[in-house]
Amino acid sequence: MAYLARQLAEAGLEGLSERERRVILHVARRCHVSRDVNHVLVERQTFGERLADRVAQLGGSWGFILVFSGMLVAWVVVNTVILGRLGGFDPYPYIFLNLILSMVAALQAPVILMSQNRQAARDRLAAGLDYEINLKAEVEIMALHEKLDHVRTERLEGMLAAQSARVEAIAVAVGAGPAT
């Protein structure tokens, strides 16, 4: 801790990154550095980002697959069996259905990519927050080591003083006089 204090006194905070300055400030104030990634992301999220996440979540679910498959089967049944006698509005090669499916795929793919980009940003934020916590833990561990070293030094000095007193007492008892 003394080394860190000397380093900060010599170089100042200018040589440190914003994240490191924030951790030093939290250490000095003796407060928590950890933050919830989900809470931080919710604060920064725009409407479009929330919508992209929701669409990606919906599009990647079994419920969507089942409902979409049911709609496809209903489309085929309605156009082939029920309206087939009347000519149907989208007969057998189902050209209109193919157009709709292509449009859904063309819109859904970029939205899913946006959501994946947001997930990557979330992972980067989580890694940054983990770094802050690890940095603070490292500083705290260094401080604990210094305290333990100080306690050991005091204990050893006390033991050495007690040992010296015993040696002098033995020397006086034997009659050799005070030890030098």
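## Where α3 meets α6

In α3, the residues V37, N38, V40, L41 and R44 are in contact (heavy atoms within 4.5 Å) with R122, L125, A126 and L129 of α6. By class, this contact has six nonpolar, one polar and two charged residues. Helices here are DSSP runs (H or I, at least four residues), numbered from the N terminus.

This is a predicted model, where local features need pLDDT of at least 70, side-chain atom pairs count only at pLDDT 80 or more, and totals for chains, interfaces and linings use all residues. Residues are numbered from 1 along each chain as its sequence is written, and side-chain values use heavy atoms, leaving out hydrogens and water.

## How the two helices pack

Two packed helices are described by the angle between their axes and the distance between the axes. For α3 and α6, the angle is about 130° and the axes are 10 Å apart.

## The nonpolar core

The largest nonpolar core has six residues: V37, V40, L41, L125, A126 and L129. Such a core joins buried (under 20% relative accessible area, 1.4 Å probe, protein chains only) Ala, Val, Leu, Ile, Met, Phe, Trp, Tyr and Cys residues through side-chain atoms within 4.5 Å. Both α3 (37–44) and α6 (95–174) supply at least two of its residues.

## A look at Y94

Y94 lies in the loop between α5 (62–82) and α6. Most residues other than glycine have a negative phi. Y94, not a glycine, has a positive phi of about 50°. With 12% relative accessibility, Y94 counts as buried.

Technical notes: Buried < 20%, exposed > 50% of the residue type's maximum accessible area, 1.4 Å probe, protein only. Axes fitted to C-alpha atoms, helices over the stretch in contact; angles between N-to-C directions. Nonpolar A, V, L, I, M, F, W, Y, C, P; charged D, E, K, R; others polar.
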